[in-house]
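Student: Hey, can we go through this one together? I'm new to it.

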Amino acid sequence: MSRKAGITMSIVWGISFCIIAVGGGLGFGFLEDMGFFKPAEKPVELSPVYSFTGPVQPKDLHLSREEIRALNRSSWRNHQDLAKTEIKVSCEKWDGVEESKRRLVYTFQATTEDGQVVESRLRETSREDLVRELERQLDVASGVLRKCRKKFPNFKKVYM
């Protein structure tokens, strides 16, 4: 085989390989758009940092994946300050049916590993705002805890 034939063969093989690769990529993209090759969604569980007490439990609230992820992110953000969080959610007439406009009353008590406690007063919110409110209040509780540790290092309980 001459030098010219070798160069021609390498160019032909290179072009054919590129065509096959592009065709395979387009075919895979087409099949993926059609619904094949979708990864199975992994189940999302609520962080063990949270414990719910009271008549309304997380299964009754029907928390979505995004809401559970938001609460888990909040527990991760505050994991250096808050070791355990006990959330009590209640409703006047809870019959087990979840409604987004129903008014819920909640309070929480966050405990550190040192035994210090941050407790919130009763707060009222709707079901659709509950997770956002809890996330915000837990961030506030973490900040209050840090401030109280600076001013009063030996405190046992603080209300917010």
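**Surface first, then the fold**

Tutor: The protein's accessible surface is about 11,100 Å², and 59% of that belongs to carbon and sulfur atoms. Accessible areas here come from the Shrake-Rupley method with a 1.4 Å probe, and for residues only the protein chains shown count as cover. This is a predicted model, where local features need pLDDT of at least 70 and side-chain atom pairs count only at pLDDT 80 or more, while totals for chains, interfaces and linings use all residues. Residues are numbered from 1 along each chain as its sequence is written, and side-chain values use heavy atoms, with hydrogens and water left out.

Student: Okay, how many helices and strands does the protein have?

Tutor: There are four helices and six strands, counted as DSSP runs (helices are H or I, at least four residues; strands are E, at least two) and numbered from the N terminus. Along the sequence they follow α-β-α-α-β-β-β-β-α-β.

Student: And what does the C-alpha trace span along its principal axes?

Tutor: About 90 × 45 × 20 Å.

Student: New topic: where does E135 lie?

Tutor: E135 is in helix 4, which covers residues 130-151.

Student: Buried or exposed, that E135?

Tutor: Buried, because its relative accessible area is 17%; buried means under 20%, exposed over 50%, and partly exposed in between (1.4 Å probe, protein chains only).

Student: Which residues does E135 touch?

Tutor: Leaving out residues up to four places away in sequence, E135 touches A70, S74 and R77. A contact means heavy atoms within 4.5 Å.

Student: What percentage of the protein's residues is buried?

Tutor: Buried residues make up 31% of the 160.
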